[in-house]
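I opened a notebook on this structure and wrote down what I looked up, entry by entry.

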Amino acid sequence: MMTHTQPRTEPFGWDLETDLVIVGAGGCGLMAAYVAARRGVEVILLEKDTRTGCNTELASGSIPAAGTRFQHALGIEGTAEQMAEDILRKNHGQANPDLVLTLCRRSRDIIDLLVDEVGIPLTLNTDSSRFGFSFLRLHNPPGRSGAPLVQAMHAALRRFPNVTFADRTPGAGLVSDDSGAVVGVLAGADGSERIGAKKVILACDGFGANREMLRQYIPHMAEVECIGAQGNTGDGIRWGAELGAALAHMSGHQGHGFVCRGYGTRLLPEMPMLGAIIVNQQGERFTREDQGYSELASVVLAQPGGTAIEIFDQRIYDILAPNAHFQETVEAGALRTANTLDELAAQFRLDATTLRRTFDEYERDASNGRDRLGREVFGAPLAPPYYAATITGALAHTQGGLAVDLNARVLRTDGSVIPNLYAGGGTAAGISGDGADGYLSGNGLLSALGLGLIAGEHAAQAIQQINSPD
């Protein structure tokens with residue numbers, strides 16, 4: 001379908017004009033497009049290339065929320081305020097507390113919209129908690145993969161005749177007037193198409209696949225494997241900065257400490273909470289396993305060879321078997337299994353005596369509840385048959401970007417709003433603060449879907465006022 005078109009007009013020479021242009025069709029852009037379209041505004045949604053996937057699609061689809069019907073059904077009464085406290089505790093108070101609280105308070109709206117309107121069957125993950133959580137809060141699509149979420153949102157958008165989805169049509173820049181207000185975007189591989197718009201939402205990407213930006217802002221991760229979407233080259237962040245937008249938390253990122261080296265798959269963050277342990281190439285534990293998987297990435301990379309071995313058992317295997325990412329790891333052949341520790345040691349060329357001693361020490365510490373490395377969550381003791389995989393650290397996605405206000409409007413360095421411009425997803429500064437250790441499970445999707453919801457609502461309301469001033 002084509003959107004409303006007009007002849008080229010001066011002084012901007014538009015090829016198309018519309019109400020709202022959204023750049024990027026990941027979780028943020030899809031959410032923004034949906035909530036704007038259902039309010040009747042005309043939307044053009046640009047996407048660089050769906051074939052490369054987006055971070056929402058590649059992730060577990062874990063949406064953190066408080067006060068949902070799924071939690072109430074299980075007697076889980078955690079509040080948005082408690083959820084915000086968890087996030088701010090993890091990021092050492094570095095994120096904007098008002099924005100964190102706003103997103104937490106809108107989290108139930110996200111779940112309700114996805115279930116009741118988009119029609120995706122979410123479930124609450126009760127397998128285990130995550131590091132830093134004071135209550136269970138992760139809601140997942142089927143298979144605990146983000147792919148069904150993205151597919152369902154695309155299907156929902158197709159119901160609206162006022163939405164044009166343009167795949168393989170990347171945004172190429174912003175167009176502003178003499179006052180600095182954004183009035184449109186450049187689009188297409190060569191940037192030759194000019195689209196005028198009353199409002200623009202940048203929901204395109206972070207910069208996890210841009211080595212130059214990584215060297216500038218997160219140098220220690222610049223040469224590390226990026227398991228996020230390879231189209232994440234920081235375009236929207238650069239465009240905003242060129243207009244004077246403030247940047248925030250540019251060192252912030254989500255690492256991933258459970259990537260199966262050489263297989264392109266990963267183990268799951270729940271595993272240590274269920275009882276898995278991690279040893280290095282010497283067969284020795286070197287860190288508390290129940291820390292956040294984001295900060296664990298650098299810890300694992302600092303070990304000899306930049307790798308470690310995560311060991312679990314049949315009980316944990318069976319709990320995680322329905323998870324799509326775990327299934328991918330199994331199908332890839334990344335796991336080894338053994339009936340004894342000696343057999344396991346042989347498969348990974350570990351010293352068997354050292355590995356047995358490591359197990360004995362850990363089990364003794366776990367039974368006493370006093371681990372020498374500070375682990376606090378032990379899970380049940382491991383029992384044969386054992387499973388294990390060689391893991392390494394990687395970069396999942398960046399968390400820094402354009403500073404936004406509580407309506408997702410982009411802010412200048414002096415704190416003023418850039419007129420008509422919104423940001424979310426990887427383009428906006430997230431809620432994880434600086435570095436890797438501020439990331440709490442679900443922060444990425446909470447920011448993406450939450451800012452998409454807020455930006456779409458606010459932009460649509462403003463457009464309706466422009467279109468019908470009376």
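**Entry 1: overall form.** I began with the radius of gyration, which is taken over C-alpha atoms; the globule rule I set it against is 2.2 Å times the number of residues to the power 0.38. The model is a predicted one. For 470 residues the rule puts a compact globule near 23 Å, and the protein has 23 Å, so the two agree. I then looked up the span of the C-alpha trace along its principal axes, which is about 80 × 45 × 40 Å. For secondary structure I noted 15 helices and 19 strands.

**Entry 2: burial and surface.** How much of the protein is buried? I found that buried residues make up 59% of the 470 residues. For charges, I noted 38 positive and 54 negative ones, with mean positions 2 Å apart.

Entry 3: I asked how many residues of helix H1 are buried. Helix H1 covers residues 27–37, and eleven of its eleven residues are buried, so the helix is largely enclosed by the rest of the structure. Among the buried residues of H1 I listed Gly27, Cys28, Leu30, Met31, Tyr34 and Val35. Helix H6, residues 147–157, is mostly covered, with eight of its eleven residues buried. The buried residues of H6 include Ala147, Val150, His154 and Leu157.

Entry 4: I placed Glu57 in helix H2, residues 55–58. Is Glu57 buried or partly exposed? Its relative accessibility is 24%, so Glu57 counts as partly exposed. Leaving aside neighbours within four places in sequence, Glu57 is in contact with Ser145, Gly146, Ala147 and Val150. Two of those names, Ala147 and Val150, were already on my list of buried residues in H6. I also looked up Glu57 against Ala229: the pair is 172 residues apart in sequence, yet the C-alpha atoms are 8.8 Å apart in space.

**Entry 5: cysteines.** I recalled that a disulfide is a covalent bond between the sulfur atoms of two cysteines. The cut-off I needed is that the two sulfur atoms lie within 2.5 Å. How many disulfides does this rule give? The count comes to zero. Cys204 is partly exposed, with a relative accessible area of 21%. For Cys226 the closest cysteine sulfur is in Cys54, 13 Å away, so that pair is also too far for a bond. Cys226 counts as buried, at 10% relative accessibility.

Entry 6: Which peptide bond is cis? The bond from Pro384 to Pro385 is cis, with omega near 5°. I found Pro385 in the loop between H14 and strand E16 (386–398). Arg168, which is not a glycine, has a positive phi near 55°. Arg168 lies in the loop between strand E6 (163–166) and strand E7 (171–176). Asn420 is not a glycine either, and its phi is positive at about 75°. I placed Asn420 in strand E19, residues 417–423.

Entry 7: Where is Arg356? I found Arg356 in helix H14, residues 352–368. Arg356 has a relative accessible area of 34%, so it is partly exposed. Not counting residues up to four places away in sequence, Arg356 touches Leu341 and Asp342. Ala332 is 24 residues from Arg356 along the chain, and their C-alpha atoms are separated by 28 Å. I then turned to Ala302, in the loop between helix H10 (293–301) and strand E14 (307–313). At 62% relative accessibility, Ala302 counts as exposed. Ala302 and Thr392 are 90 residues apart in sequence and 9.6 Å apart in space, C-alpha to C-alpha.

Terms used:
Residues are numbered from 1 along each chain as its sequence is written. This is a predicted model: local features need pLDDT of at least 70, side-chain atom pairs count only at pLDDT 80 or more; totals for chains, interfaces and linings use all residues. Side-chain values use heavy atoms; hydrogens and water are left out. Buried means under 20% relative accessible area, exposed over 50%, partly exposed in between (1.4 Å probe, protein chains only). Helices (H or I, at least four residues) and strands (E, at least two) are DSSP runs, numbered from the N terminus. Lys and Arg count as positive and Asp and Glu as negative; His and the chain ends are not counted. The place of a charge is taken as NZ of Lys, CZ of Arg, CG of Asp or CD of Glu. Contact means heavy atoms within 4.5 Å.
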